[in-house]
Amino acid sequence: MVITIFGLGFVGLTTSLGFAEFGHKVYGVEVNSERLKTIKSGKIPFFEPHMDKALEKHLNKNFFPVGGSDDELKTALNESEAVYYCVGTPYGEDGAADLKYLYAAIEQTIKNISDKKFRVLVTKSTVPPKTAVDFVLPHVEKFGGKIGENFGVGSNPEFLREGHCWDDFINADRIVLGVSDEKSEKILRKIYEPANLPVFCVSLNTAEFIKYLSNTLLATMISFSNEMASVAENIGDIDIKKAFDILHMDKRWNNCNMTTYVYPGCGYGGYCLPKDTNAFFACSKKNGFPAEILHQVIEINDRMPNIIADRIAKKINYNKNLKLGILGLSFKPNSDDVRDSSAAKVIHQLKNLGYEKILAYDPQAIEEFKSHYDFDIFYCDSYEKILESADVFIILTAWDEFSDLNERTNKKIIDCRYKLKAQ
C-alpha cells in the first residue's frame with residue numbers, strides 16, 4: 001500500500017519507518033526544513049534507539065521524506081490510499097487541545113487530491129474524544145470531500161514510549177482502529193496485516209477515548225505517587241524509596257494483574273479500602289499535607305451509589321412498578337463479605353428514590369447481607385428464582401454465575417459491573 005504521513009516527529013517518523021518495515025511505500029511530509037534536511041541526510045533528528053538503523057534501511061527505498069510544497073504533496077497524496085496525521089496538538093491556556101495543525105493538514109490534503117479514489121484520513125495525533133465526529137468529518141466536507149464516497153475518517157492512536165518507540169511500534173501489544181465505515185476499516189486492517197498484531201476496531205469516539213484513558217491513568221498514578229511521597233515527608237521517618245520498592249513486590253503489580261482495579265464498577269467496598277483511605281486522608285491532614293487526590297478518590301467513591309441509582313432509574317424510565325432484580329450483594333465476587341457493600345448503598349438509594357419492589361440474589365452472601373442490613377426487600381434463594389420473578393436485572397457484583405445472563409433472559413439488563421458483552 002501507499003501511505004502519506006504528515007509530521008515527522010517522534011510519532012510520525014516512527015510510524016513512517018514502521019509502515020515501511022511492514023512493506024508499504026510511505027511518503028513522510030515535514031514542513032520544518034531543518035528537520036527534513038536532517039532526515040534526508042540519513043540522520044534521526046532526535047535520540048531514539050534503533051531508529052537510525054531503520055532509517056538507513058528504508059530511506060529512499062520504502063520511505064520518502066518530502067516537504068510541504070503543492071507539487072510534492074500532489075505526488076504523495078494522489079498515490080496514497082491512506083493519509084495519516086501525526087502533527088502537534090498542543091494545549092492552550094484553557095487546557096483544550098489546539099487542532100489548528102490538524103485542520104491545516106486536512107485542508108492541504110483535500111486541496112491537493114485530483115481524483116475520486118477512496119482514501120481514509122487517519123488521526124494518529126492525540127485528540128480529545130468526539131474530535132473526528134464533531135470536527136474532522138465536517139472539516140473534510142467543508143473543503144469539498146465527500147464522506148463515504150471518496151473519503152473515510154479513521155483514528156489510530158499511538159502508545160509509544162520515548163526511548164522505546166521502535167519496539168513499541170513493531171511489537172505493539174494492541175492496535176486500536178477507530179473507523180467511520182467498512183471501506184476505511186478494510187484499508188486500515190490491510191496496513192497492519194503484515195505485522196500480525198492484535199487489532200481492535202472500534203468507533204471513532206472509542207479510539208480517541210482509549211488514548212486518553214491510557215495517558216490519564218498513567219498521569220494519575222505518577223501524581224498520586226508524588227502526593228504520597230509528600231505526605232510521607234511531612235510525617236517523617238519514612239524511607240520513601242524502600243516503601244515504594246516493597247509496594248512493587250505486591251504480586252498484583254509484579255505479574256501485571258491490575259485489571260480488576262483499573263476497571264469501572266460501582267465503587268470500592270469491603271473492610272480495607274474504605275477504612276484505610278479515610279484513615280490515611282485524616283493522617284495526611286493531621287500532618288500538614290492534605291492529600292487532594294486521595295480526598296477526591298474518597299469523594300468519588302461516596303458519590304457512586306447515587307450515580308448508579310440514578311443511572312438505573314433513567315434506564316427503566318423511572319418506572320416504580322417494575323420488580324428490580326439485584327444480582328450480587330457481596331462487595332466483590334468469590335466472597336461473602338458485605339461490609340461497605342456497594343450493593344447495600346445502591347439499594348438504600350433506590351429506596352430513597354421510591355423504588356419498593358426490590359428482589360435480591362447472591363450465590364454466597366444472602367445471610368451475611370441480612371444480618372448486616374435491615375432492608376425491606378425480597379431475597380431469592382436461587383438464580384433461577386430471581387430470573388423468573390424480576391422484571392429487570394441489575395448486576396451489582398461481578399459473580400461468574402451471572403456471565404450467562406444475556407442467554408438466560410430477554411428481560412432488560414443493567415450491567416453496572418460491565419461484566420457482560422455488549423449486545
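## Strand S5 and its neighbours

Strand S5 and strand S6 (residues 151-155) run parallel, joined by 5 bridges. Within this pairing, Val-122 has Gly-154 in S6 as its bridge partner. The model described here is predicted. S5 also pairs with strand S4 (residues 82-85), again in the parallel sense, over 4 bridges. Here Val-83 stands opposite Leu-121 in S5.

## Burial of S5

How many of the 5 residues of strand S5 are buried? The count is 5 of the 5 for this strand (residues 119-123), so S5 is largely enclosed by the rest of the structure. In a regular strand, side chains alternate between the two faces of the sheet. In S5, Arg-119, Leu-121 and Thr-123 point one way. Val-120 and Val-122 point the other way. Both sets are buried, Arg-119 included.

## The five-strand sheet

An open sheet is built from 5 strands with parallel pairing. Its order is S11-S10-S9-S12-S13. Strand S11 (378-379) and strand S13 (412-415) stand at the edges. Each has a single partner strand, so one side of each is left without a neighbour in the sheet.

Ala-360 stands opposite Tyr-379 in S11.

## Trp-399

Trp-399 lies in the loop between strand S12 (392-395) and helix H17 (405-408). Is Trp-399 buried or exposed? Its relative accessibility is 7%, so Trp-399 counts as buried; the cut-off is under 20%.

Which residues does Trp-399 touch, leaving aside those up to four places away in sequence? Among them are Gly-328, Ser-330, Lys-332, Pro-333, Asn-334 and Ser-335. Asp-362, Pro-363, Gln-364 and Lys-419 are also touched by Trp-399. Leu-327 is 72 residues from Trp-399 along the chain, yet their C-alpha atoms are separated by 8.6 Å.

## Helices H12 and H13

Helix H12 (residues 272-286) and helix H13 (residues 292-315) have axes that come within 10 Å. These axes cross at roughly 145 degrees. The crossing of H12 past H13 is left-handed.

On the H12 side, the contact involves Thr-277, Asn-278, Phe-280 and Phe-281. They meet Leu-294, His-295 and Ile-298 in H13. The residues of this contact comprise 4 nonpolar, 3 polar and no charged.

How values were computed. Residues are numbered from 1 along each chain as its sequence is written. This is a predicted model: local features need pLDDT of at least 70, side-chain atom pairs count only at pLDDT 80 or more; totals for chains, interfaces and linings use all residues. Side-chain values use heavy atoms; hydrogens and water are left out. Axes are lines fitted to C-alpha atoms, for helices over the stretch in contact, and angles run from 0 to 180 degrees between N-to-C directions. Helices (H or I, at least four residues) and strands (E, at least two) are DSSP runs, numbered from the N terminus. A crossing is left-handed if the near helix is turned anticlockwise from the far one by less than a right angle, and right-handed if clockwise. Contact means heavy atoms within 4.5 Å. Ala, Val, Leu, Ile, Met, Phe, Trp, Tyr, Cys and Pro count as nonpolar, Asp, Glu, Lys and Arg as charged, and the others, Gly among them, as polar. Buried means under 20% relative accessible area, exposed over 50%, partly exposed in between (1.4 Å probe, protein chains only). Two strands pair if DSSP finds at least two bridges between them.
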